[in-house]
Amino acid sequence: MKREFQIVLTVSEEEFFLLNEHPHCDWIEIRLDLFTKEGLSEKLTTQINRLNAKCIFTFRQAGDTDQKNKSNPSEIDFQEISNQLQVQDHYLDLELNRPNELFDAYANKGFGLIRSVHKFDGILTEKEIRDWIQKDSYRNQTQKVERHLPLIYKFAVFPKSVKELAEFLSSFRNVSNEYKRNYIHLTGICMGTIGILSRIYPESFGSAFTYCCLEEPKAPGQVDLNSLFQLRNEK
């Protein structure tokens, strides 16, 4: 039975280059900020192509992560990386709430786009979710650029209580169901241990993706891949 959501595996440099085969996930998130300059050489795309991996390229800036950066945007030659890829098979994660000089120049090159907002001090209201989407200039641009992948809006919040958790997921479900009819998909994540429900059963709230790790979490409350399958009673 096909799942109603897809699994994104976030990996570090060390984890990625130790992969001998493609893990049981749909996407591999390449956190460029967790890779060294040496890891972002030609061997990155060689490993991507060897695994036949579909990737989400991300560079998390200081305000959007609890991880320590291993590289700076100025050190990354993303032109060289993209030249070695079938770009239509991969996503770029571009933040909605801050500039991303590393990826901006490639937004109209055929990559799928994920537009993301991370809020570490509470939740977003339904109006705030809608406002972020409606005011996004890329929403109209995607109609002018040929893309094979649907536009994704990702909202990651940090609820402080079960009440806030329920409020956000209810609001998120309402917006997600509405936009899905327009080939725009939403991903909703509640960070921290209180948000584990949103990561294990994302389809219950209309979320297109859930993000997992192999071992150590790369975001607060991230669940490892094996635990995800165990908790869902899937093999």
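Which residue stands opposite Leu9 in strand 8? The model is predicted: local features need pLDDT of at least 70, side-chain atom pairs count only at pLDDT 80 or more, and totals for chains, interfaces and linings use all residues. Residues are numbered from 1 along each chain as its sequence is written, and side-chain values use heavy atoms, with hydrogens and water left out.

View 1. An open sheet is formed by 9 strands in the order 7-6-5-4-3-2-1-8-9, with parallel pairing. Strand 7 (184-190) and strand 9 (223-224) each have a single partner strand, so one side of each is left without a neighbour in the sheet. Helices (H or I, at least four residues) and strands (E, at least two) are DSSP runs, numbered from the N terminus. Two strands pair if DSSP finds at least two bridges between them. Strands of a sheet pair through backbone hydrogen bonds, either parallel or antiparallel.

**View 2. Strand 1 and its two partners.** Strand 1 (residues 6-11) is mostly covered, with 5 of its 6 residues buried; buried means under 20% relative accessible area, exposed over 50%, and partly exposed in between (1.4 Å probe, protein chains only). Strand 1 runs parallel to strand 8, joined by 5 bridges, and Cys212 of strand 8 is the residue opposite Leu9. With strand 2, strand 1 pairs in the parallel sense over 4 bridges. Here Thr10 stands opposite Glu29.

View 3. Strand 4 (residues 91-95) and strand 5 (residues 112-118) run parallel and are joined by 5 bridges. Glu95 stands opposite Ser116 in strand 5. Helix 4 (residues 126-134) packs on the sheet and touches strand 5, strand 6 (151-157) and strand 7; its direction makes about 145 degrees with that of strand 6. Helix 6 (residues 162-180) also packs on the sheet, touching strand 6 and strand 7, and its direction makes about 170 degrees with that of strand 7. Axes are lines fitted to C-alpha atoms, for helices over the stretch in contact, and angles run from 0 to 180 degrees between N-to-C directions.

**View 4. Aromatic rings around Phe209.** The structure holds 12 aromatic pairs. Rings of Phe, Tyr and Trp (its six-membered ring) pair if their centres lie within 6.5 Å; planes under 30 degrees apart count as stacked, over 60 as edge-to-face and the rest as tilted. Trp27 and Phe209 have ring centres 6.2 Å apart and planes at 50 degrees, so the pair is tilted. Trp27 lies in strand 2 (residues 27-31) and Phe209 in strand 8 (residues 209-213), 182 residues apart. The rings of Phe209 and Tyr211 have centres 6.5 Å apart and planes at 65 degrees, so this pair is edge-to-face. Phe209 counts as buried at 4% relative accessibility, and Tyr211 at 3%.

**View 5. The annotated site at His118 and Lys154.** An unreviewed UniProt entry places the feature "active site" at His118 and Lys154; UniProt positions are given in the numbering used here, feature names are shortened, and annotations may be inferred rather than shown by experiment. They span 37 residues in sequence, yet no two of their C-alpha atoms are more than 8.3 Å apart, so they gather at one spot. His118 lies in strand 5 and is buried, with a relative accessible area of 10%. Lys154 is found in strand 6 and is buried, at 5%. Leaving aside its neighbours within four places in sequence, Lys154 is in contact with residues including Asp93, His118 and Tyr211; contact means heavy atoms within 4.5 Å.
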